[in-house]
Structure formats: structure tokens, C-alpha cells
Amino acid sequence: MRHVRRRTVRRATRLAAVGGLLLGGVMVTQAAMASEPPATTTVPGGAAQSVASTGADLVKRLGTARTAGSWVDAEGRPVVAVTDEDSAAAVRAAGAEAKVVGHSLNELKSAAAALRSAPRVAGTAWVMDYKSNQVVVRGDSTVSASDWGRMTDVASGIGSFVRMERTEGTFTTRLNGAQPILSTGGRCSAGFNVTNGSNDFILTAGHCGPTGSSWFADNQGAQQVGETVNSTFPGSDFSLVQYAGGKAGAGADIVAIGDGNGVRITGVGDAAVGQRVFRSGSTTGLRDGEVTGLDATVNYPEGTVSGLIETNVCAESGDSGGPMFSEGVALGVTSGGSGDCTTGGTTFFQPVTKALAQLGVQLIVAAPSDAAGNGASPAPSEGAPQPSSSPTQAAVAPGSVTPGSTTPVTGGTGAVSLVARLTDPRNIGPGLLVIAGSLVALVATRYIRAEQDRKAYQRHYSATWG
């Protein structure tokens, strides 16, 4: 079998406190940094956002019979695939790059529909690859030779623009994510905080648990987080966990990234092919990569999920449900994938925009004063928190994109504040150093045991991850 790795994903710096924090009852994620974020935001301005949406707007205006998708190239320019020279001229006149291809988006969608109508084969996935103008079908290590042969026959009947690939590992859903929440069904992670105007919720993966699942912040079941009130899986992969107290509390717009800092979530948008994105999880920390495809379909062992975002961001067991974002814009929650962060792999995400629309909730975003104070684009302030209108935030060179504007993680419980102070070397005085010296043996023992437990847990879940 052949493993395809599209790009090298930088190894994240592991921080001492990878995992989750409860800030005043608010579930946020904490992870290691893939790259140190700047002290102030580098969110592109209005002109950049306009360029980012050019490709999608052109596809919509010219129609799916004359176009075949769009993406952002390495320099941050929008590129639109078109089927004729007249359409190419219209694209260039609008300031975008044009690529003439042989198959329209309608044909690519018809091919995907034909694959969905064929007998289901667990361990397969397909996505429309706009750059190659093909539908790529992948089969993992669990797909037998006979099943792969039948899928190949189906693909051959569709046309030569359907490409078949075998990949290492297995396509599986993932539990244990960036912010641990526990139930009798296992561990999962919080994605983003959302609201319906009356109550606040955690948006996470649907495969984490069915409606009625109770979630806790500890494995003793003493600190109740909330209960799943709406869950969709398979088909899609999202769910709502309603906070036990009804409200998320202060700091609900912040995704913690460790070292006492967080990223303010300023809006929600749709991912663009070629966009640089960031994903957080408790197993592998903060990782970055690129969106490689949209409207992907994955045949998990538990069922088929469609409409996913495909990326080459690495992930491992324990990263499911965690948030994907770029420049402070929420894009997706981790669904599943294959591979790992040693050899690379493919990870799929449930689009946040689709989940919000179907659930009838809004993302909790930074208040105008908070966003403006950190250099970010302010969010609307009337009524319930509303997402800002920034479709992709991808109209800059991918290498210059950051997770978003950083801000100190303030407020919350005294325990959180204490942890932040004790893990900051600048705050350690002579007295604390003396005390720390007397506790070295105890701390070392507890750390070694925790590491042993963590590694044992990873080994257990990596057996099913592949």
C-alpha cells in the first residue's frame, strides 16, 4: 500500500500543560503551539477578505456547469477552474487566476453521487480535488482486495477523472480531544462555545455520544459539564452539549493555547482549498496544515459522513471534536481521519457553518470592545453574539497566516490563575524556588506516573487508529 503525504507539517512545541481548562465554567482548549503567535493580531484587512471570497463568488456567478471549484494558491491568490475560454476571461477580468479544465463541477458532483449510490465499503473515502480536476477515492488498510476491486470497477464506469489511491492506517472517528469531557461512553473534546440566545452550549463531534449523554470534567463524575441535547451522526458529525448551569460564562470566546494565552474567536467562515489552518487537541497539541479538499465523504466503520473538510493537518487518537480555525475564524470540528503526527496523515472536519445552520445556534464571538482592543475585526453586538462575516480569511500567503489574535487567559477560577502563575518562570521568587526544591521528588514521581498513564492510553487507542 502507498501512503501519500501532501506536505510536511511542522512538529508542535509540547508545553507543560497540554490539555483542557475550565475558566469560570467555560470549556476552552489548551494545546501546544505550532508556531509562537504574535502579541497582536495579523488578521487580514477588508481588502484581503474581499480577495479571499473572489473565487467562491465567481464559481457562484458563472455556475457549476462552467466552473469546477476554486482554491487559494501559495501566494494567497484565488484560482478558479473553468471549462471554457469565455469563463476564463471573466475570471481574469475579476482579478483572479483561471485554470481551464476538462470536467465541470456538475460532473465531479455526479461522480461523487455515483460513488455514494454504490454498495458501501467501510474504510473508503472520496473528495473532489479541484486542483487536479478529479474525484479521488481512497481505501485504507481495512479494505479487502475484493472490495477495492469492486470500487475500482465502479470508478472505471464513471470515467477517467476518478482516481483511486490506497492509504496507510484506517479511517476512524476519534475520541479524547483538546478539552477533555468524559461520559460513560468515553472521552471527547469541546470544540467551540455557541448560544441560542437563552442557553449556551458546547459544539463538538456527533460521534462523541448520542442525545442524553452526560458529560463531566473529571473521571470521578463529580464536576458535571452538561448533557448532549442534540446529536447528528452518521450523515453529519456534530452535537450540542448544553451547559449544566445554562451559561458558558466569561471567556467563552477564547480558545486557550497554553502558556497563559488564548486565541479570540472573532467569527465563523467556510474553509477554502489551499487555506492554512490550525487544529488543537490534547494528544498532539496545536498543529497546522492546509485544506486539501471540500465536500468529502468518509465511510467510517460506524457509518458514512458527507460534506466534510479534508486537510493534511496531522492528528491522532485523542484529538476528536477539537476546534479548527485560522486567524481567529472558526472553521470546523475534528471528525476523524488516518495517519499520525510522525508520518503525517489526512484529517476530516465537520464544517462549523453547516452545523450552526442545522442546529439553529450562533457562535459565541469576541465582543466589539475585546476584539478592537486586540486589533481584531469587531463582531456585531446587538442581541445574541453573532458571527462576523469573514468567509475564509485566506487571502494572504499561507505561510503568513496565524491562529489568530492572542490574548491573556484571564478570569475564571482561582485554580486556573494559580496554575498560570506557577508555570510562568518570571513569577517565581526565591521563596518559591526553595519550596519547589523541596517538592522536586514528589513532582517528578507524579509526572513520571502521569506520563506512563498517558503513553499507555495512547498505545491503546493507536491500535484502533492504525
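Start with Val-91. Setting aside residues up to four places away in sequence, Val-91 touches Leu-58, Leu-62, Val-80, Val-82, Ala-96, Glu-97 and Ala-98. Keep in mind that this is a predicted model.

Where does Val-91 belong? The largest nonpolar core has 42 residues, and Val-91 and Val-135 touch the most other members of it. Helix H4, residues 105–117, gives this core its largest share, 5 residues. There is also a second, separate core. That one has 22 residues, including Val-194, Phe-201, Leu-356 and Val-401.

Now the sheet. Three strands make an open sheet, in the order E3-E4-E5, with mixed pairing. E3 and E5, the latter spanning 97–100, are the edge strands, each pairing on one side only. On average, neighbouring strands are turned by 20° against each other, direction ignored.

Look at E4, residues 78–82. E4 pairs with E5 in the parallel sense, over 4 bridges. Val-79 stands opposite Glu-97 in E5. Helix H2, residues 54–62, packs on the sheet and touches E3 and E4. The direction of H2 makes about 170° with that of E3.

Last stop, Ser-70. This residue sits in strand E3, residues 67–72. Is Ser-70 buried or exposed? Its relative accessibility is 15%, so Ser-70 counts as buried; the cut-off for buried is under 20%. What does Ser-70 contact beyond its neighbours within four places in sequence? The list is Gly-55, Ala-56, Val-59, Val-79, Val-80, Tyr-130 and Val-273.

That's my tour. Thanks.

How values were computed
Residues numbered from 1 in each chain as written. Predicted model: local features only at pLDDT ≥ 70, side-chain atom pairs only at ≥ 80, totals over all residues. Heavy atoms only, no water. Helix = DSSP H or I, 4+ residues; strand = E, 2+ residues; numbered from the N terminus. Buried < 20%, exposed > 50% of the residue type's maximum accessible area, 1.4 Å probe, protein only. Contact = heavy atoms within 4.5 Å. Core = buried A, V, L, I, M, F, W, Y, C linked by side-chain atoms within 4.5 Å. Pairing = 2+ DSSP bridges. Axes fitted to C-alpha atoms, helices over the stretch in contact; angles between N-to-C directions.
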